[in-house]
Number of protein chains: 2
Amino acid sequence: MPYFDAASAAPLHPVAREALLAALDEGWADPARLYREGRRARLLLDAAREAAAEAVGCRADELVFTPSGTRALHSAVSGVAAARRRAGRRLVVSAVEHSAVLHAAEAVAGGGTVQVGVDRTGRVAPADFAAALAGGAEPGTGAEQTTGEEPAAGEGTALAALQSANHEVGTVQPVAEVADLCRAAGVPLLVDAAQSLAWGPVEGAWSLLAASAHKWGGPPGVGLLAVRKGTRYAPQEPADERESGRSPGFQNLPAIVAAAASLRAVRAQAASEAARLSALVDRIRTEVPRLVPDVEVVGHDRLRLPHLVTFSCLYVDGEALLAGLDLAGFSVSSGSSCTSSTLTPSHVLRAMGVLSEGNIRVSLPAGATAADVDRFLDTLPGVVARVRAHLDAPAAVRGAEDEPAARAHADAPEPGHEDRNGGRDRNGHEDRNGDGSQGGGRNEGGDAGLVVDSLGKRCPIPVIELARVIGRVPVGGLVTVLSDDEAARLDIPAWCEMRAQEYVGERPAERGAAYVVRRRG
Amino acid sequence: MPYFDAASAAPLHPVAREALLAALDEGWADPARLYREGRRARLLLDAAREAAAEAVGCRADELVFTPSGTRALHSAVSGVAAARRRAGRRLVVSAVEHSAVLHAAEAVAGGGTVQVGVDRTGRVAPADFAAALAGGAEPGTGAEQTTGEEPAAGEGTALAALQSANHEVGTVQPVAEVADLCRAAGVPLLVDAAQSLAWGPVEGAWSLLAASAHKWGGPPGVGLLAVRKGTRYAPQEPADERESGRSPGFQNLPAIVAAAASLRAVRAQAASEAARLSALVDRIRTEVPRLVPDVEVVGHDRLRLPHLVTFSCLYVDGEALLAGLDLAGFSVSSGSSCTSSTLTPSHVLRAMGVLSEGNIRVSLPAGATAADVDRFLDTLPGVVARVRAHLDAPAAVRGAEDEPAARAHADAPEPGHEDRNGGRDRNGHEDRNGDGSQGGGRNEGGDAGLVVDSLGKRCPIPVIELARVIGRVPVGGLVTVLSDDEAARLDIPAWCEMRAQEYVGERPAERGAAYVVRRRG
C-alpha cells in the first residue's frame, strides 16, 4: 500500500526507531541533573545537538531543539521581531511560506507583513525580495502588502523569511541569493528548511533556520531552531533554563536522539536517493499529462525537491480524487479547496496563479519503488475518469467545448451532479445546491454576455459550468460566471490559461463575484 | 542502583513503552489527513484523548495535548490572561508554584502578580487565598505583592493558580476549597497537577488543569491542558488548526498514545502503590532525623504526596551531598542554593521559611522497594558525616556550640574548608575566598556584638561560622553575620529556629546584608 505523502509525515526511519528505543532506556532522565542518569541524558543530548548542528551547518551552541517545526518557526519569528523592534517592525516573507510562518507573522503585532509574490513555478525573484526589503510594496515588484497597517515610509524591516523549498509544489527557492540581499540590507533571514533538510544543508548566509524531524523520518515531537551568532534574538516564551532559554519545557530526549541519528542516516543516502526519486518524479511529471487529459503539472521542472510533484486535474473534485486514490491504495494530499477545512484553495497554488481543482501532491518517501510509481500511473487515469464521470464532466463538458451538439445535454440537470453536490459536505455547511437548481447559462445580453449562475456551488462545478457553455457564445463573445466559491477566483483564470480563452477579469457582485471570460477559440 | 528522583522524571512505564512501539507503527501519519494512515492516526489520537480526559475528569473536547507540562502551564496562563483582560489584569498564585507558572505570570504584562504565602509545611491557607482574590496584599494575609506595578485598588483578578501538590516538598494543597473561593469570586483557577495526576484526579471546581506525562512514567514530550467549558480562553500562540487551536504544531502522536496508556496503567495501581510508597516515606521521615543529627524534615507529615519526602541537613553543602549520594548509587535532587544555576535556594523552601542547606528531595518511583530505602538509610548518615568532616563542620561546630573549649579551634583557619571553598565553583564564578581569609569573628562592640565576616562565602559556610562563634558571646549577647550569599537570608533564621537561638533580624550592609542573632542558650 504505497504511502505518497512524505511531505506531511515520513514513516519512522529504522535508524530513528533503533535510536529511540536505546534512548528510552538511557535518556529518560533530566539532563539538568547531576546524578548518573542525568549525566547520561546530558551526554546523549549534547551528542544529538552536535550531530544535528553538523547536518544543519551551524555551531552546536547555535542550535536548540523545539517540540516541532511549527514551534521553531513561531519562536524564530517572535524572537527576532521582539529583539529588532527598534530596527523596524515590518516583516518580509514569500507568499508561499508554510502557514506556520504566515500565522506567526500575523501574531507579531506591528508594522505589517509584506508578502513577496512568486512566478507560476512558485519561485520568488530575488529582485522582488530586494524591492520588498528596500521599501515595501513597490508596483510591479510582485511584493504585496497583505496584513497589518500600512508601513510608514522608510520604516525598517525586522525579519525576512524564505523557505528553502516549497512544501506543496517542491519548488526550490533562491535562498543564498536572498540571504546575500538580506545581509546587505541588514535584515536577518529566517529559512524554513522543513522540506529540504533531509537532502542537504541550506547554503548561504541565513541567520535563522527551522526544521522538523518527522519530515525526514525522525519521530514527531522534535523541531530544530538554529540562530546564528550575531543575530539579535529575544525569546518571547516565559523564562526557562532549558535549551538556552529558547525552547521552554523538559526536553523530549529520546525523540531528539532519534531525530539526530536519523538525520545523519538519511543524509548518508541523500545523494543516491535523491537521484533515484527524482527520476521517479520525472516519470510522473511526464506520464501524468500523457495519461490523463486536462492536467496541469505545477511547480518547477528542474529547481525542485527530488521527491515531490504536484498536479491539478480540470473538472475534478479534489476530495473525491483523494478518496478514489485512497480506495485504490494510494495516500496523497491535495491543495484543493474542498480538502481544506476553510474551503479555500491552498495559498501556495493561489500565489502561483495555477489551477487548484483536482489537485494532488505526490511526495515519495525514502525507499519508494518504481513499481509503486508505475502502479500509481496505472491507477490514476481510471480514478480521474470515474470522478469526472460522476460529475458528468468529461463527456458533457469536453463535448460542449468541442461541438455545439452537446448543448442540449448541458442544459439538463444531471442527477449524478445533484447527488454529489447535495451530499458531499463533510464540514457541516448547508447543502449548497439543495433547491435542485443548476446553472445552465442564460443570455442576459449587454456587457455580461452569457451569464452562468454558479452561486452556492463548489469547486469544480463553476468551472465545469463555464466549460459547458463557452461553446454557446460566438468567438469574441463573453461568458460571466457568478460564483461565491473562493476557488473560482483561482480556477477560472487558470482554466482560461489552459484552454487558451481570455480571462477578462472579475467584477464585484451582489453575492460572491462575477468572473468574465471571452471566447477565443 | 536506586533512582529516587521520580518527581523530576519517572523511568518509562512498561505500558508506555509497549504503547509507544505500537503507535510508532500505527500512528506516525498526520491525523488531519483523510487517507487510511491518517484515519488510523486520528483514531489513536481520539482514543488517547478520551482516556486522558477520563483520568483528568473532564470532557474529551476540553482536553488538548501540549509538548510538555511547562508549555501547558504557559499556554493556560497567557490564554486566560488575554481572554479576561477586561475582567482584570492581576494574577493570584501560591508562592510555591512551579517556576513555569511563576515565569508565565511574569511574562503576562499587566497588573502584577500576587503571591499567596504558605505556612512552614508549604501549604496555603484558603483564607489567605480569598484575601488575595478580594483585594491583593492585605497585611497579615500572607499574600505578598511581588512583581509588576501595584494593582489599582479594586482592579480584578484575571486568573488564580494553585498546584495540587508541591513538587519539592510534596505538600498537598487545599485545591477544592480554593476552587470554591475562586468560583465565588468569579476567577478561574488553574491547577498544576503535574505531581499528583498519577495518584488520582484533582477534585473540585477548577477551571484549568495542566499535567506532564513524564512525571507518571509516560514519555517526555507530552503535556495535558484541560480548559473546562465556560472558561474564557484566548490562545496566544499563532493560529493553528491542531488541538482546537490551543497547541500549535504536529501532534507527537506515538508519545501521546503512550502517555494516555500509561496514565491508565498507573491509575489502576495507584491506591496500592500509594499505600506502599507512603509507608516507605514515613520510614524515611522517621529514621532520617534519628540517624542523622541536625536534620530538618520539611513539608507536611500527612497532607503530602505518597512518594516524596524532603529534608535539610545543617552544616552540609547540598552539592557535595548529592555527589556523595550519587557515588553511593542514589539519585536524588536538592533545593539547596549550591545546586541551582542561580546560586539561590529553592523559592519553595524560601517561601516556607525552612532550612535550605544540605537539602535533599527523595521521590520514589513506582516499584521502589523497602530494601532500596533501607540501603539509603544505611548510606545517608555516613555521606552526611563525610561532607561535614570535609567542611570541618561537625566536630568543630558542634563542639563550639556545646563547650567554649572549642573556641581556639574555631579561630584558626581550616585547610579543609579553604580547599573546598576555593575550588568548588562549578559555575565559573570567581574564587570567592581566594585571599585565604576566613571570618573567625571579631568583637566590634556596640549594637552588632560579635561580627562574623562571611562575605564571599557560600552556603553552608556562613551558618557554620555563626555556629562556631555563638558560644563565644554571653547569653543575651549578639552575633552579626555579614553575608552576600542568598541562602544566608533563609538559613540563618532557620538555624536559629532549629537551635533555639533568637533571630533578631536583617540589616542592610555595604555588601550583602548583616544578619543579627541573639544567643539564647
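**Close-ups of a two-chain predicted model**

Chain A has an average pLDDT of 88, and 86% of its residues score at least 70; pLDDT is the predictor's confidence in each residue, from 0 to 100. This is a predicted model, where local features need pLDDT of at least 70 and side-chain atom pairs count only at pLDDT 80 or more, while totals for chains, interfaces and linings use all residues. Residues are numbered from 1 along each chain as its sequence is written, chains are lettered from A and ligands numbered from 1 in the order in which they are written, and side-chain values use heavy atoms, with hydrogens and water left out.

**View 1. Stretches of chain A with pLDDT below 50.** Residues 137-143 of chain A score below 50, and beyond near neighbours in sequence this stretch has 16 contacts in the model (contact: heavy atoms within 4.5 Å). Residues 145-154 of chain A also stay under 50, with 18 contacts beyond four places in sequence.

**View 2. Where chain A meets chain B.** Here 58 residues of chain A touch 58 residues of chain B. About 4600 Å² is buried between the two chains, with carbon and sulfur atoms giving 58% of it; buried area is the accessible area (1.4 Å probe) that two parts lose on being put together, summed over both. Look for Trp28(A), Arg36(A) and Arg71(A): they supply 15% of the area that chain A buries against chain B, more than any other three residues.

**View 3. Charged pairs across the interface.** Side chains of opposite charge can pair when their charged atoms come close. Between chain A and chain B there are eight salt bridges (a side-chain nitrogen of Lys or Arg within 4 Å of a carboxyl oxygen of Asp or Glu). One links Arg33(A) to Asp5(B), at 3.6 Å from N to O. Arg17(A) and Asp25(B) form a salt bridge too, their closest N and O atoms being 2.8 Å apart. Arg17(A) sits in helix α1 of chain A and Asp25(B) in helix α1 (residues 14-26) of chain B, so this pair joins two chains. Helices here are DSSP runs (H or I, at least four residues), and strands are too (E, at least two), numbered from the N terminus.

**View 4. A stretch annotated in UniProt.** An unreviewed UniProt entry lists residues 452-476 of chain A as "domain: UPF0033"; such annotations may be inferred rather than shown by experiment. In the model, the end C-alpha atoms of residues 452-476 of chain A lie 17 Å apart, and the span is 40% helix and 8% strand.
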